[in-house]
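This report walks through selected local features of one protein model. Please look over the sequence and the structure first.

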Amino acid sequence: MDWTPTISELSGPRYQRIVEAMEADIAAGRLVRGQQLPTQRALAKALGIDLTTVTRAYTEARRRGIMEARVGQGSFVSETSARRAVDLPHPVAIDLSMNVPPQPLEAQLDERIIAGMEAIRAQSGLTAHLNYQPPGGSAHEREVAARWMRARVPHAHADRLVIFPGAQTILFNLLAHLARPGDIVLTEALTFPGIRAAAARLGVKLVSVAMDDGGILPDALAKACRTHKPKAVYLIPTLHNPTTATLLPERRSAIAKIINDADTILIEDDAYGLLDRSASPIANLIPERTYLATTLSKCIAPALRVAYLVTPDSSSQREMRNSLQATVQMPAPLMVALVTHWIETGIADRIITAIRSEAIGRQQLAQRALKGFEFQAKPAAHHLWLRLPEGRADVAAHLLRNGLAVVAGEAFTVDGTLPHAARVSLGAARNRPELTEALRILVSALHRPADTRQIV
């Protein structure tokens, strides 16, 4: 509690100078997440100013999300830039159902958004990005993205890349491009609900392929390809949603060969690949047969609505740009400009590093809290896949009655088989104290006797 800001060199009202000094010291590492701040009276005395000025400064700091007050404990540097949700449906108090990245203070999202917009305004003006732009991004934006992606995907080039407003739009457009109503697309037995929704809307039939803790089974995929002659295969090979399974290199090679021999197409959903860069995309093995979708929704923030599609060739790229133009015209130009600036300046990688580090810390917290229970997890994943105790299919409903939302396994099944499990999204908690409370509620529910049920 010995922090005393230097405000004499700053301009503006004193309360604002205190807040700006707090922000600067957080950015410089002189203040760290969770650090207790001096009481208002102590800081007023140290600075030789009146108490109301410090009170106003602390109020502004809380409004900006850089400080939080804990009842009976005092004021602390915030652990996150995320604000408390105000629109959660009753009776949800803590929502671990949405698989989103955490917003650690180290990511500095608020500050970097403001600074990024100012840089764009200074360079080209904000209004230049408020008109129609080329569908799929400008040549410069695609080149910047392709150069960035080549660290993981060597064949990524601007003439094979399309910028989309989110991965869901990519999946919908790809299914519409590759399949017709009644056609079959293969996927893991448990899969992303978004591909299910897109397939249902387009009349495309998804057929499940067996998987184990390591991901989709090559022998089962080969058999399904022979039986169904699919138009495409949709896979999440890295930090699979919902199981977190990550395919080993040998299995990736086997799957690439199967897809090549079956003369079909791979839709590789690389939503989580930037969180685990040690996993090389299957697209690198069969680039001429793969549409690789990479989104910033899981490694920076979902509302940016910026995702990249690497296509098999330049002809496919033109077709997907035309498809994008016919459906949603273009991604939001201002958001693409911001992300492009972040990539060019190295800020994107710094944000992702901070978010990956926070994900690792949250997984470690969950490992301790759930000791003795069966679950699948990976160090940098935003979620875990929790096996429910026998006779406890009502756990998700019980948790909801206690204010905690998770997603029951049935949301991910393709063939109707109900997995006795739930996805717990650790990144959705606003900070680690909130996650700790959520895990306490979860463990309490798991320990609850199976015959203690609500009478309805």
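Q329 counts as partly exposed because its relative accessibility is 25%; buried means under 20% relative accessible area, exposed over 50%, and partly exposed in between, with a 1.4 Å probe and protein chains only. Q329 lies in the loop between α10 (314–327) and α11 (333–345). Its phi is near 75°, a positive value in a residue other than glycine.

The model is predicted: local features need pLDDT of at least 70, side-chain atom pairs count only at pLDDT 80 or more, and totals for chains, interfaces and linings use all residues. Residues are numbered from 1 along each chain as its sequence is written, and side-chain values use heavy atoms, with hydrogens and water left out. Helices (H or I, at least four residues) and strands (E, at least two) are DSSP runs, numbered from the N terminus.

**The loop between β9 and α9**

Two further backbone features occur in another loop. Most residues other than glycine have a negative phi, and most peptide bonds are trans. The bond joining N241 and P242 is cis, with omega about 25°, and P242 is placed in the loop between β9 and α9. T244 is found in the loop between β9 and α9 as well. Phi of T244 is near 70°, which is positive although the residue is not glycine. With a relative accessibility of 0%, T244 counts as buried.

**The seven-stranded sheet**

Seven strands form an open sheet with mixed pairing, in the order β4-β12-β11-β10-β9-β5-β6. Its edge strands are β4 and β6 (205–209), each of which pairs on one side only. From one strand to the next the twist averages 20°. Two strands pair if DSSP finds at least two bridges between them.

| Strands | Sense | Bridges |
|---|---|---|
| β9 (232–235) and β10 | parallel | three |
| β10 and β11 (290–295) | parallel | four |
| β11 and β12 | antiparallel | four |
| β4 and β12 | antiparallel | four |

Individual bridge partners can be followed across the sheet. L235 stands opposite E268 in β10, and the bridge partner of E268 in β11 is L292. L292 in turn stands opposite V310 in β12.

**Helices**

β9, α9 and β10 make a right-handed β-α-β unit. A crossover is right-handed if, with the strands pointing away from the viewer, the path from the first strand over the helix to the second runs clockwise.

Axes are lines fitted to C-alpha atoms, for helices over the stretch in contact, and angles run from 0 to 180 degrees between N-to-C directions. On the α8 side, P218, L221, A222 and C225 meet R251, A254, I255 and I258 in α9, where contact means heavy atoms within 4.5 Å. By class, this contact has seven nonpolar residues, no polar residues and one charged residue. Ala, Val, Leu, Ile, Met, Phe, Trp, Tyr, Cys and Pro count as nonpolar, Asp, Glu, Lys and Arg as charged, and the others, Gly among them, as polar.

Helix α5 (residues 139–149) has the buried residues E141, R142, V144, A145, A146, W148 and M149. These residues pack against β4 (161–164), β11, β12 (307–310), α10, α11 and α12 (347–369).

**The four-stranded sheet**

Another open sheet has four strands in the order β13-β14-β17-β16, with antiparallel pairing. β13 (375–376) and β16 (407–408) stand at its edges with a single partner strand each, so one side of each has no neighbour in the sheet. β13 and β14 (residues 383–387) run antiparallel and are joined by two bridges. Q376 stands opposite W385 in β14.
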